[in-house]
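Me: Hi! Could you walk me through the strands in this one?

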Amino acid sequence: MDEDTHYDKVEDVVGSHIEDAVTFWAQSINRNKDIMKIGCSLSEVCPQASSVLGNLDPNKIYGGLFSEDQCWYRCKVLKIISVEKCLVRYIDYGNTEILNRSDIVEIPLELQFSSVAKKYKLWGLHIPSDQEVTQFDQGTTFLGSLIFEKEIKMRIKAT
């Protein structure tokens with residue numbers, strides 16, 4: 001999170017991705033217009049852009065074609081799985097996906113800025129290492145029912 005975040009500050013956010021039973025990604029409500037502008041820009045730029053050739057830079061932001069809706073989103077490469085496949089994180093939402101390299105394109109410098117979504121963890125909770133898969137899935141589903149695509153208030157306790 002931002003280094004200038006103040007502890008006990010309250011942020012209004014919308015849940016965008018549930019990672020596990022205590023970890024999720026959310027977007028500041030103040031960034032709604034940014035999300036719309038990014039989406040419009042990517043829909044114009046990415047279909048004409050060339051697929052990425054050569055080495056992928058893990059610090060660079062690319063355009064990725066999300067398989068569920070066939071729309072373009074900003075992403076970072078987390079892992080190169082094979083010559084053709086990469087694990088990416090959609091930085092404005094927090095979700096991940098394995099993409100073909102042909103679905104990853106260069107985007108212009110004006111779209112190379114910090115992510116809209118931030119990663120949050122519920123304060124004072126952790127997942128035990130011996131957690132049963134069923135309980136883990138139930139916890140993840142329950143957290144999703146509470147916050148996914150819902151406006152919530154987050155009180156920052158630590159970064």
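Predicted model: local features only at pLDDT ≥ 70, side-chain atom pairs only at ≥ 80, totals over all residues.

Me: What is the order of the open sheet of five strands?

Reply: The order is E6-E5-E4-E3-E7, with antiparallel pairing. Strands here are DSSP runs (E, at least two residues), numbered from the N terminus, and two of them pair if DSSP finds at least two bridges between them.

Me: Which are the edge strands there?

Reply: Strand E6 (96–100) and strand E7 (104–106), each pairing on one side only. From one strand to the next, the twist averages 50°; the axes behind such angles are lines fitted to C-alpha atoms, and angles run from 0 to 180 degrees between N-to-C directions.

Me: How many bridges join E5 to E6?

Reply: Five, with E5 covering residues 85–90 and the two strands running antiparallel. Lys 85 stands opposite Asn 100 in E6.

Me: What holds paired strands together, in general?

Reply: Strands of a sheet pair through backbone hydrogen bonds.

Me: New topic: what order do the four strands of the other open sheet take?

Reply: That one goes E8-E2-E1-E9, and its pairing is antiparallel. Its edge strands are E8 (117–121) and E9 (151–155), and its twist averages 55° from one strand to the next.

Me: And which residue stands opposite Val 10?

Reply: Arg 155 in E9. Strand E1 (residues 10–18) is joined to E9 by five bridges, and they run antiparallel.

Key: Residues numbered from 1 in each chain as written. Heavy atoms only, no water.
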